[in-house]
Each structure stands twice: as C-alpha cells, then as structure tokens.
Amino acid sequence: MIELFGIGVSLQPLWLTLKVAALTTLILLLLGTPLAWWLARMQSSFKIVLEALVALPLVLPPTVLGFYLLIALNPDGPLTQALRLFGFEGQLTFSLTGLVIGSVFYSLPFAVQPLMHAFEALPTRLLDAAATLRAGVLDRFFTVVLPLARRGFLVAMTLTFAHTVGEFGVVLMVGGNIPDATRMVSIAIFDHVESLEYAEAHLLSGMMLVFSVVVLTLVYGLNRRFAVKVG
Amino acid sequence: MLKGHLTLRQGRFLLDAGPFEIDTRGVTVLFGRSGSGKSTLLRAITGLDRHARGQLEFHGERWQDGAWQLPTQRRDIGFVFQDAALFPHLSVRGNLDYALRRAPLSPIPPGGGGAGGEGGRRALPFDLVTLAARVGIADKLDRDVLSLSGGERQRVAIARALLSRPRLLCMDEPLSALDWRAKAELLRLIDELAREVGVPILYITHAPIEVERLADRVVFMADGRIEHIETLREALARPDSPLFDEEGPVSVLEGETGATDEDGLTPFGNDRVRLRLTGGCARGSRATRLRILARDVSLSLDDPARISILNHLPVTVERIDPEHEGRVTVACRLADGQLLLAEITAYSLRRLGLHAGAAAYALIKSVVLMD
Amino acid sequence: MRSIVFFFLVMLTGAARADTLTAAVAANFTKTAEEVGAAFRAKTGHEVRFAFGPSGKLYAQITHGAPFDLFFSADTEKPEALVKEGRVKDGSYFVYARGVLALYSPTLPVKDDYRAVLEKGGFRHMAIANPKTAPYGTAAEQVLVAMGLHDALKPRLVFGESIAPTFQYVQTGNAQLGFVALSQLVDPQSPAHGKGEYWLPPQAMYAPIDQAAVILKRAENNPVAQAFMDFLRSDEGRKVIENYGYSIP
C-alpha cells in the first residue's frame, strides 16, 4: 500500500502483472518459436487446422477460455494429478502458476502468428546457403534465422507482453481475484471502477499507461538502433 | 568420384537418376532443358532436399543410404546459388567471414582415401583479402550486399563458397540472372579459378556456350533422368548432341594463343594446327578454347589461294552424318586429331564426291574465342 | 429492390407491434423469466421478449435509450436510481424476488456439519462472489463475519466477479466449497443438482438480496406491461419464482 497524490493504492497488482507478463513472454518465446517454425515449414494441408487451433484464443471469449481452463487445471484433473507424481503439492488455479498458464494459452496466437509470418518470409535458400557453409541446425538458427526474423520476434514479444498486461477475463477466472496473490492490475482497476473509486482507478491506469509507453518506446528505439547498425 | 542412384519425387515430377558414376575431376556440367531435373539432382546430391532417397557415395564416403542422409553441413561442399543467396544482414566481409570461420583449419587428407589425393581438400592458395582481390571485390568488402550489382553478388558468392574449402563446389546456373557482359566476365573468372584452385566443380546450365567453355565432362539430363555422361569431346562428336539444339553443330578446338604478329593477327593452335585470328578480342587473350559453328565451315577439294577466307586447314573426312533438309554435317579430323564439323549442302557433297577417308580443306569463315 | 423495401417494411411494422413486450432481465433470473413468460403467453396470448445481461450493463443501456419496456434488476439500487431519474412509470417499483444464499460443496458435509467444516478448514479454497461488486458476495461476507470466521478464512477466499463464476469455481472443484445462490442448485438442469450438500444460512445473518423490477416510461400506458407485472405477483407467478430457489418478501 502506498500513498500517491493523497490516494492510497496497493502496488501489488502492478508487480504481479509485470511478473506474469514477463514470464508469459519468456515461456511463449521458448514454446512459440519451435511451434511457429514447425507451422511455417509445414506443407501438409493439416497445417490449416493447426493454424486455426492456434488462433482459437482470438475467437473464444476470455471467460469461456477461463472456464475451460478451470476444468482443465482443477485439483482432481489429470494435469494436476500428473504433477503430483513429481512432488507438486500446490494448486494450479488461483495461483501465479495458473495465471501464467492461462496467459500462455490466451496470448499464444500473439506470439506464434508474428513468428510464423517472419519465418515464412525467410528465404529457404539462405538457410540452404548456411548449411553448405557448414552451419549446423542451431548455428543456422542463431546466425541466420534470428537476425533476419528479428522484427517478428520483436512484434511477438511486445504483443505478448502487452496483451498479457491488458488481459482481464482469463486471469479473473483462473486467478480468483485474491488480493496480494492473483489480483492483476486490470482486475484491480475494474474493481475500483465498479466500487466507484475513480481516483484509485485513474492512478493505477495512469501508472500502467506510463509504464507501457516507456517500455514500448524503449523496445522500438532499440530496434531502430539495431537496424541502423546492420543496414 | 560421385557414385550412386538417387530418386526424388516433387509433386508430379520424379527424378530417377542412376545408377551413375561421375568422375568429378575438373568441371562437370549438368546440362538439360529447364524441368529436366538438373537442379533437383544437385539438391539431392548436396543433401538440401530431405525427400531424396537412394544411395550416394563421394570418394567412398557415404552421403546417402536409403532415407538416411549425411547432413549438408558435413558433406564438405560449397554451393553458389542462382541468385547468390548472400546473407542480407551481413556485409560483404561478414559473408566471407561466415564461411571462413566454419572452414576446417588445415588441409585434411580425404577420409575415404580418394586416388592420388583427388577429392581431397587442398590448401586454398588465398586468404580472404587476396581472394577478394582475385574475384574483383577488394574495394567492396565493407559494402552492404544489397547495394551490389548482380555480377558483384555472384563474385562474393563464389569467394564465399571457396573460403569454406569445399571438396566439391556446386554451382546452380550462377550466370543466368546476369547481363551478357557480366556473364562473359564471370565465365572467364570461373574458368580460371577452376584451374587455379583445382576444386572439382559441378556446374548446372542450360546454355551450350557455358558447357563448351567450362566442361571437362557433361551429364546430359532429360525428364528427370541422366541420359549420357561423357567427356566434352565425346559430347561434341555425336551428331545428335543436345548441345547442338539451338545453333546447330559446333566444334570446340583447344590450343594456345600466341603473340600478335605485325599484320595484327593472333595465332591460335599448336605445332600441327595453326589458325590466325583477327580483331581486338584475340589480342592479349589467354583463351584455350575456340568455338566454331559447323555452318561457318566450308569444304574444298584443293587449297584455294585467291580467296578472302584466312584460315584453310587440311582435313580428312571421318564421317558423314545423314542428310537433313538438304544439308549434311561432315565430321573432319584435323592434323592434330581434333574434330572439326562442317555443314554443307547435300548437293555439294555429291558434287565434290566426298566420302569417309577423303582429303579436303576446311575453310573457316568465323570463330569465337571463348574468352 | 422493391421486394427488399417491402421486406424491411414488414420487419419494421412487425417489430412495432404493440402487444409484444421487451423485458431487460438480470442474467441470474434467465430461466425463471422464461418460464414465467411462457405461462403468461399461455394465459393471455401476449408475447414477452427477454434481453438478458448483467444488471449494470442493462441499466447503462436503459439510460442510453434502449427500447425496453420492463427492467428486472439483480439488485435494488439500479431500479431505485431509475425511479430517481424519472425513467419509470409511477408506482411500478416492486421487489419481485429475494435471493437465497447457500453454502455449497460437492464433497464436504456442509449440510449438518457446516460449522465444523468451516472451523476445521479441511479445504484449500472457498469461493464467494466479489463483495465489492456482487450482492451475493456482500451477503456471504456478512455471514462469515456473523459466524466469527471471516478473518480466519480470509486467506482461503477466492472471488468470483459475480455469482456465476463463483458457482463455476465450486462446481469444477477448484474451490472445495463456496457461497452460491440457491437458484443455482435447485434448477434440475444445474450440474450441481442432486450432487453434494448445501446449507442455507438463516436470513437474519445477512442483508436481504432483494431484486427489484420497474415498468419503464415508454410502456407507461401499455396495459400488457402492467398485466405481466400483475401476473408475476399472482400465486401462479410466485410459485414459479419460488420453485427456482428464490423467496418472496
């Protein structure tokens, strides 16, 4: 709890949101990159079905997605039971883990689609050329794919991060709105508005806004500097 | 030695090459129309297509066995693509460094023990800067590759491929995207480098002139199959050679150019066959191949003295090919044993009474130095 | 072209038929309203169309000119506000149902041993509606305070934004028990119907969860609107409402 401009607000939702967004971005980068690569290089007609599946979170209302996550992640569900075998004792829903899992699903298309398009735009010949110059698979990824698909990665990261920061329906369902534990900033703002605490809502919104503008400016600025250096 | 049997299906197209055995010394040209499967075969040989099946060995080293493939990056090959395929995020120097940093440090004897060091990796006689100067891009090292002309890009691509010290250099129509001047300059560069560096080259083209200029050996392809593997000399000796499809029969004479004399003529040939060439193109050239269209060669029973044609060579008629639309191609043996084709009318053939074994003079109206 | 114009004319005149009422109804009352509507139609031949949604949203739509004739809120504040703003027919305000709070668990014996269950705390999470935004949440908090268990149970509480997600938390097993609406348990189509146990805290432990309705100004002189409200207050209407787990004050 801090006091700013004479208004007392808890900053906990802010930190939680940043933590969830950062973790989600990291996880989606690790999972989304191979998935997007696989989809981009896939030639079978099954690809369309998989692309549609990846895009599903765009179509499903967040509360619906949240409801299905409640079913999938419940303490007696197969996922939690499987984790019990590895000594997991907690509960997936109403926890940071649940928030991150929910956000990963919800933001999946925002990470996979830009990456997929970047990979599709990558000329295969350049990878062939690297292979004929004795570059192995990982070598090719880091020295050819990564620098050439850099914009795709940047878009994927910023969209994922921003989308997670702004999400509401899924985290509300999966998180359970527990103060100081799973109450993300979007929920906190919503609750303030619903309780007619407009000053608190404005303050939190303002901080979120300033933070987002600063981060996005930094990222795009870095991108430009890097681009100039290469070009 | 490249030995194997490869198949590769791409939609409705089926490559079914082999069993084949290609002596890779010098320059081997894969020749065929577009769609004949030459690029597909090259992708199968280099391991760039995962769907290739069959057997492949390079100097006893297994490259393909059924569906198993030795990854491209472990095949010790270099590749020059049609469009150069330079890395756009790296400078010219960056592209060359990419190859250099991944190249083996010292010459290694061939793993499978190819005969007489053939197929083994040789020490590259160049470092990065020297090679850049040799291919003519010394002043472009710090340039962005996107700012280069088509010819310059191919020069960088060739240097990049050589810097990775390949045991086999593959080139897929490296000149097809260039204008005629850049084509001529690069053709000369490739010809010279092939000899200087000594790395075996597999070269794809559908242009007969590139075959005649570069090839030691030609692999003819059509409809996804290898039709013939023969030396350039053999390929030019048969009347139905696919090389003749566009301009009719062609002869390629090998020899050396000498010093230009006081008449402004440049001698070409050897001690038994001697031609004299006019014009600035011959001056100062070190060309070793001369291209003569059969339709530019006439035959005479005696050596005409009062005639403007400069080059008269005594020949022996070796073979007369069947008449086609009133014309015949006569294969003549020169004094040094090289073959010269003359295309004359069937009427003239009968009037002169030419037959295999007959002596005659070949009058050569025009030649092209392959320079 | 002409047929299209004709089609739209039919649509417009059809939509403006005077004996069709449109009622804005709080989402939790959906099934009850449909059943009352069907009974009303069978009796009078008049059609009532329902627009379901969260009360807050419906209230906002009404104040922005949405063409509703009746408004059934999930609370009393919003109809009261409409009365103050002069948007309703005089004297039409009435409480049509009172929500009944239920402590529900699919697995724990809350019917008789509710106190022991709550005190022993053999559960990880307990779901209640958000007291800040939902009347059932406020009621649940009051019950916990009255039992002297609020502070002890606070760390285990998870909050549904309304009574619907609160029920889903319990029903899917993510929370082992929770305070839900009786109407969510007695509906024969509810996934909780006949499954688990519930306890009804005495009404004295929490402020009434009253749901009020009004006839909106545009239906002021519509006799069918008044007839539907009267039907709701008749024995037949009350019986349907009570069957769905509400009490009537």
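This is a predicted model: local features need pLDDT of at least 70, side-chain atom pairs count only at pLDDT 80 or more; totals for chains, interfaces and linings use all residues.
Two residues are said to be in contact if their C-beta atoms, placed from the backbone, lie within 7 Å.

Residues are numbered from 1 along each chain as its sequence is written, and chains are lettered from A, and ligands numbered from 1, in the order in which they are written.

I begin with chain A. Of the contacts in chain A with a separation of 6 or more, 74% are between residues 24 or more positions apart. The C-alpha trace of chain A spans about 65 × 45 × 35 Å along its principal axes. Chain A contains eleven helices and two strands; here helices (H or I, at least four residues) and strands (E, at least two) are DSSP runs, numbered from the N terminus. Read along the sequence, the pattern of chain A is β-β-α-α-α-α-α-α-α-α-α-α-α.

How much of chain A is buried? A residue counts as buried if 20 or more other C-beta atoms lie within 10 Å of its own, as exposed if 12 or fewer do, and as partly exposed in between, with C-beta atoms placed from the backbone. By this rule, buried residues make up 39% of the 231 residues in chain A.

Among the buried residues are Val185(A), Ile187(A), Asp191(A) and His192(A). Just after helix 10 of chain A, Leu196(A) adopts a positive phi of about 60 degrees.

Next, the chains together. Which of the two pairs of chains that touch has the most contacts? The answer is chains A and C. Their contact takes 17 residues from chain A and 14 residues from chain C. On the side of chain C that touches chain A, strand 7 (157-160) and helix 8 (163-171) of chain C each supply at least two residues. The largest share of that side, three residues, comes from helix 8 of chain C. By class, the side of chain C that touches chain A has four nonpolar, seven polar and three charged residues. For these classes, Ala, Val, Leu, Ile, Met, Phe, Trp, Tyr, Cys and Pro count as nonpolar, Asp, Glu, Lys and Arg as charged, and the others, Gly among them, as polar. In contrast, no contact joins chain B and chain C, and their closest C-alpha atoms lie 48 Å apart.

Within chain C, Val224(C) is found in helix 10, residues 223-233. Val224(C) counts as partly exposed because it has 19 C-beta neighbours inside 10 Å. Val224(C) and Thr20(C) are 204 residues apart in sequence, yet 8.3 Å apart in space, C-alpha to C-alpha.

Finally, chain B. It is divided into domain 1 (2-240) and domain 2 (250-369), with bounds that come from an automatic or database domain assignment. The C-alpha centres of the two domains of chain B lie 34 Å apart. Seven residues of domain 1 of chain B are in contact with eight residues of domain 2 of chain B.

Thank you for your attention.
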